[in-house]
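Please open the model in your viewer and keep the selection tool at hand. The tour below goes from one selection to the next and says what is found at each stop.

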Amino acid sequence: MAQAGGPTRAPVTAVLGPTNTGKTHYAIERMLAHRTGVIGLPLRLLAREVYDRIVALRGPSVVALVTGEERIVPERAQWWVCTVEAMPLEIGADFVAVDEIQLCADPERGHVFTDRLLRARGLHETLFLGAESMRQVIANLVPGVTFLKRDRFSELSYTGSKKISRMPPRSAIVGFSVDNVYAIAELIRRTKGGCAVVMGALSPRTRNAQVALYQNGDVDYLVATDAIGMGLNLDIKHVAFSATAKFDGRRMRGLYPQELAQIAGRAGRHTENGTFGVTGEARPFDEDMVEAIENHRFTPVRKLHWRNHDLDFGSAERLIRSLEAPTSNEWLTRARDADDLLALKALTAMPEVQDKLTGPKRVQLLWDVCRIPDFRGASETEHVSLLARIFDFLVGRGLGGGKVPSDWLKKAIERIDKPGGDIDTISKRLAYIRTWTYVAQRKGWCEDESHWRQETRAVEDRLSDALHQALTQRFVDRRTSVLLRRLKQKETLVAEVNDKGEVTVEGEFVGRLEGFRFAQDASGSPDEARTLRAAAYQALKPEFSLRADRFYNAPDTEMDFTEQGGLMWGHSAVGKLVKGAEALKPAVEAFVDEEAGPEVAEKVRRRLQHFIDRKVAALYEPLAAMGRDETLQGLARGFAYRLAEGLGVVPRDAVAAEVKELDQDARSALRKHGVRFGQYTVFLPILLKPAATRLRLVLWSLWNGLAEFPESPPPGLVTIPNIPDVPKVHYTLAGYHPAGVRAIRIDMLERLADILRQKDSRAGFEAVPEMLSITGMTLEQFSDLMGGLGYKAEKAERVKVKPVAEPVPVVIDPDAPVNPIPEEESAFVQPEPEAEAAAPEMETYYTFTWAPKPRFQRPERGPRPERAPRPEGEAPRGERPPRGDRAPRGDRGPKPEGEARPPRPEGERRHGKPEGGKPRDDRKGGGKFDRNKDRGDSKPKSFEARPPRAEKPIDPDNPFAALLALKGKV
């Protein structure tokens, strides 16, 4: 190969123009027109693509492929396809071409391309292929160069920003990091069914397999790095940039306009127009950028990166100086220190390496070792350590006569030869094997070069296949790709439904039939979801009718309602309850797909309405019976209506006035229907059962328009936690009454109230086992409950009284012989000393007294007149707890909470009541005041559970009213 400056008259031509101008194709044609030729390409992937094209035209026996990790050189090789770094400069080829010559301005690899521009020449023809922006610099650096301008075959236009979900088919989305590429590919798999992945770090085998997925139409989307900008000819209609900045090895920087144009130019092949734009977080291009890309007008390149090629191997220091030599050419600038130069400096600083640099050959060998790329992306220290080890092997005992030991190389390769693992793991192993592939390709570095070249190639192929499989499995939905291909071919899709409701199309699972709604598989692609649903519904049409008939004839036992108002048929949701005309008459809404048809929807709705109507009628028959009872008139019928509004449970204080107005006949008529007038709640005990309670909460929530329904407590619990944030009405509907930190079941509370009315709440009483048994509480918990009911609990301790064992009578047999203790033994029998008095065992107990909350003051009532002071020695009397209306006792409600009585002047009495007593018209019961004490009687006080009847007219509700009316007349 001729070099610049030598005596040659071979023409040098610069073929310049944008992408899609056929430059590479033109260069291949010109090379094959010569007997021998060399073409340098920027990427290993592109080199492999061009190699395959030429092999298809001329056969493998005359075509060579030389890259850093691959070397295929037949004995009769005529045409050489290489990466630019691997181009042989000494073979004297007739033709030489360098593609993408604008990379002379690249900070990382620019010095290599500049070297080829200045020195690589063919004996008969030389071509440089690149962008128009290189015209001026080439004209100044290459004397006698001829320029050939190539125009783009198609137009390139900007379409702005688009979401990935709206990306058109045959699109390429470009990212600039592995993580970014994988994230985009994952998103496309979920939204579009899958994509192919192309990156520069992929092996040619993996890359070709991924490209085949795209080119064959298995997937319609390609996610790639900027590697696609370097001559990869794919059927791309749109290019979308997910970012406009990349890490160039040193820092993050924005892409130059010509770099963006190089990538965007992949859209539109031959005469088919292409488009480009942005997606994701990338900012839209400004007008100047768009105009530059569309019209291919860019700022001319002013400086090329250059590094001295005339190296001095006299010593390591002289080699470094020659690599760092400056240039005086105004069009060139010295390249920054590349990885190979940095590795050289690090190795020469190591004493063990410095000692081995005994001559120019070893310095040159060290430089060759330093040029091993860091494929692994390891730390600088780790990479330098590996290079030092390889250099040590190659130096050996003789002057550069050593080789990398086969056993050491074998162990290193065996550690890598593991196709299993995820994408990142396999990719890392591929990067590692590339290092050993590069070493095996160097002539004279291994003991058995041919064997290790084949071995490293085989391992790379296995890892490449594993990586392709992993990429396809992760980023391609095979089911969707198969269905899409059938849809594109306009074939009729075959859909089936099995007995489990699983829907398959062309043998691929696409969703389930849940009740009367088709639930498409979530992994399906939204873009083709409509077509897939239509295909599935073809099979579901007869299934909908069959299911509707089966559902209509199903028994009520197969159906149920949820605590949030849903309607279930087995495990499938088939509808929900909605607000109806009345609380006890809810309506239903059926869950039926439109495609099932109105007849199926109406049949399902009617069956659901029948179910819920029968369920309400069965559980709330007592309320319906009250509504139908014509004997209930007046106040009784109105009160029955109030109970129906409350769904069978009404707090006593909310209907205190209505209860007071009910006469005995009205109450008796209501009791016949199961109504219980409790001290705290008026309710129907049968409606406190779990099923009725669960339905009551749902019906009340529907009627009141709640978004989230309260849930019923688990059945069987006597008390549940009283949560402050939960409204009290929810507890009432659930059949509980809040008191303290717990809420007690309504019916158990009324049983407790019956016991409490028998106790003397003024003098105080203790809890009996029956109280604790009813509530299922400990004594501490019970005291808190009583506090919530209006009682004051006083804690104290006392000596625990232990039960005394009854003496057991001993029967003495008079005929039994008596064995007196011998006199000598009796002297040793001593009386047992009395045990020391043990500390008495204490127990805790509570005394409960009625202590209602103070009432609110009523300002309309004035102060009462002063009363005579209480006689000395008279003790104030407490009040008894409320006990309901007079007859029967349990039918009066509790004292209204939250009201306060106006303060009474100190010492004032009312009707002889002790200080702190309640006015008679407010109290619910209590004991008489002590008439004997007022008369000075010394008899002990006595109390009654009822107030004096003479002080109040006979209550007509009292079942003994008739007998009391006769009192005094007999």
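At roughly what angle do the axes of α10 and α13 cross? They cross at roughly 70° and come within 10 Å, where axes are lines fitted to C-alpha atoms, for helices over the stretch in contact, and angles run from 0 to 180 degrees between N-to-C directions. Because angles of 65 to 115 degrees count as roughly perpendicular, under 35 as roughly parallel, over 145 as roughly antiparallel and the rest as oblique, α10 is roughly perpendicular to α13.

Before going further, note that this is a predicted model, in which local features need pLDDT of at least 70 and side-chain atom pairs count only at pLDDT 80 or more, while totals for chains, interfaces and linings use all residues. Residues are numbered from 1 along each chain as its sequence is written, and side-chain values use heavy atoms, with hydrogens and water left out.

**The whole chain**

Select the protein chain, whose secondary structure comes to 31 helices and 34 strands; helices (H or I, at least four residues) and strands (E, at least two) are DSSP runs, numbered from the N terminus. Of its 970 residues, 48% count as buried, meaning under 20% relative accessible area, with exposed being over 50% and partly exposed in between (1.4 Å probe, protein chains only).

**Helix α13**

Next select residues 380–395, which form α13, a helix of 16 residues that reaches 22 Å from its first C-alpha to its last, close to the 22 Å expected at 1.5 Å a residue; the expected span is 1.5 Å times one less than the number of residues. Among its buried residues are His383, Ile390, Phe391 and Phe393, and what covers the buried residues of α13 includes α12 (360–370), α14 (406–416) and α15 (423–441). Step past the end of the helix to Gly396, which follows α13 and has a positive phi, near 60°.

**Where α10 meets α13**

Now show Ala343, Ala346 and Leu347 of α10 together with Val384, Leu387 and Ala388 of α13, which make the contact between these helices, contact meaning heavy atoms within 4.5 Å. By class, this contact has 6 nonpolar, no polar and no charged residues; Ala, Val, Leu, Ile, Met, Phe, Trp, Tyr, Cys and Pro count as nonpolar, Asp, Glu, Lys and Arg as charged, and the others, Gly among them, as polar.

**Where α2 meets α6**

Finally, select α2 (residues 44–58) and α6 (residues 204–215), whose axes come within 10 Å and cross at roughly 70°. Here Arg44, Leu45, Arg48, Glu49 and Asp52 in α2 meet Pro204, Arg207 and Asn208 in α6, and by class this contact has 2 nonpolar, 1 polar and 5 charged residues.
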